[in-house]
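Biologist: Could we go through this structure together? I would like to begin with the aromatic residues and then move to other topics.

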Amino acid sequence: MDLSPVVLSIPIYFLLIGLELIYTLVKRPDYYRMSDSVTNISCGIGDQIIGIFAKVITLGFYQYLYEYHAFFSFENSLLSFIVLFIAVDFIYYWVHRWSHEVNFLWAGHVVHHQSEEYNLSVALRQSWFHKFFTFIFYLPLALFGFDTLSFVWANGLNLLYQFWIHTEVIKKLGPLEFILNTPSHHRVHHGRNPEYIDKNHAGVFIIWDRVFGTFEEEKTKPVYGITTPLTSWNPVWANVSHWYYMYKESKLLSNWQDKFRIFYKPPGWRPAYAGGQLKIPLVRKENYRKFRTIAPKSLNFYIFFQYAITVAGTAFFLFNESLFSLDYKIAGALLIILAVMNFGFLFERKKRGLFLESIRLVLSCLFLTYTVHQQPNFEQVLFISSVIALFSLSWLMTQTRYFRK
């Protein structure tokens, strides 16, 4: 069983999202948009699924350095964990800040900022590939003698803290605003208003921003999102779009040095002969139009039903991944990624979504058949899933008129 605090807290995440949804349903029925929230959670699902394989590299390196090259060795204690937690938060501040200031790091982190809403589901919108670039910054902690399990918990609790600050329900918190990162401070960080860009990078302690000159008070209500909106509900595209943007930008440049510089310069950088640094566009809340797609209620209900099954299956997969063989993990991970990608196609009413959804339903039954061979007690689950898949396929054939090319 995965003992990461992030994975263990999955039920709490959904409980709090549900409570926030109920609380805002009457006063602000548009606070949650189904298409946006599903995409946010899908990005989080992909992050956790890829994390199963990534930890072989990220935690493997950390464990190797701790075991063979640590400078110090000491007994674990409450004091050492507090020191580690503060150190993790300090490193997080700089990694987060550089992820806004270095283009290839921004290519990973941008995923978290793409949502044009601000609610607890946005906290789950995480990059699938960012960890492969950022884990190296935490490796000195291994050299200083902090063991791997303690690091996993300190880092996990740091991320867990940041979940609750993704809300507009909580306003300002008085004296706590000076020390801690709060919903007010983090709303600024997610704003695309020019005065809010690249501000408030803290994880837990806002003091880092105050000390290093990146703090900004929340004064006007932010417009959320990125300066060039994603305009897609596809979590796969969300994770690769900025890489494609950098590739297109590099093709516009005339020498190889600038083609290379674009990857480590700030986002929006261009050499003088190509127009120079792109300006941050002004934006006003009253005339800003969010990306929207319209789908019939029957299709939204279908997506919600299938997505609930996918989330439940993913949770089971994450909680029990240590029990599975490598080929089973790979097959399960690919099926989950196909599912969350295809829900984006269905929201956008693209015809490829119908085709891929049919394939996904068939593959899901085949995957469960494979599961039954390993765990015979899953026979009832296979039967029920096969019936659901059959009805789903039949229903999909009646919905073709709603889909465009």
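Biologist: Is Tyr64 buried or exposed, or partly exposed?
Modeller: In this predicted model, Tyr64 is partly exposed, with a relative accessible area of 42%.

Biologist: And what about Tyr68: buried or exposed?
Modeller: Tyr68 counts as exposed, at 56% relative accessibility.

Biologist: Where do Tyr64 and Tyr68 sit relative to one another?
Modeller: They are four residues apart in helix H3 (residues 34-69), which separates them by about one helical turn. In general, an α-helix has 3.6 residues a turn, so residues three or four places apart point the same way.

Biologist: How many aromatic pairs does the structure hold?
Modeller: There are 32 aromatic pairs. In one of them, the ring centres of Tyr64 and Tyr68 are 5.4 Å apart and the planes are at 45°, so this pair is tilted.

Biologist: Which residues form the cluster linked by ring pairs?
Modeller: The cluster consists of Phe90, Tyr93, Trp94, Trp98, Phe137, Trp208 and Phe212.

Biologist: Where is Phe212, and is it buried or exposed, or partly exposed?
Modeller: Phe212 lies in helix H12 and is partly exposed, with a relative accessible area of 31%.

Biologist: Which residues make the nonpolar surface patch?
Modeller: Phe90, Phe178, Ile179, Ile207, Val211 and Phe212 make a patch of about 520 Å². Helix H10 (176-179) and helix H12 (207-212) are the elements that give two or more residues to it. The largest share, three residues, comes from H12.

Biologist: Changing topic, how many residues of helix H11 are buried?
Modeller: Eight of the eight residues of H11 (residues 183-190) are buried, so this helix is largely enclosed by the rest of the structure. Among them are His185, His186, Arg187, His189 and His190.

Biologist: What covers the buried residues of H11?
Modeller: The cover includes helix H4 (78-101), helix H5 (103-109), helix H6 (120-123), H10 and H12.

Biologist: Which side chain makes a polar contact with that of Glu168?
Modeller: The side chain of Lys221 does, at 2.7 Å.

Biologist: What else is Glu168 in contact with?
Modeller: Leaving aside neighbours within four places in sequence, the contacts of Glu168 also include Arg28, Tyr31, Tyr118, Arg187 and Tyr224. Of these, Arg187 is one of the buried residues of H11.

Definitions and conventions. Residues numbered from 1 in each chain as written. Predicted model: local features only at pLDDT ≥ 70, side-chain atom pairs only at ≥ 80, totals over all residues. Heavy atoms only, no water. Patch = residues over 30% accessible without salt bridge, like charges linked within 9 Å, V, L, I, M, F, W, Y side chains within 5 Å. Areas by Shrake-Rupley, 256 points an atom, 1.4 Å probe, with all protein chains shown as cover. Salt bridge = Lys/Arg side-chain N within 4 Å of Asp/Glu carboxyl O. Buried < 20%, exposed > 50% of the residue type's maximum accessible area, 1.4 Å probe, protein only. Contact = heavy atoms within 4.5 Å. Polar contact = N/O pair within 3.5 Å; in protein donor to acceptor, adjacent residues only side chain to side chain. Phe/Tyr/Trp six-rings, centres within 6.5 Å; stacked < 30°, edge-to-face > 60°.
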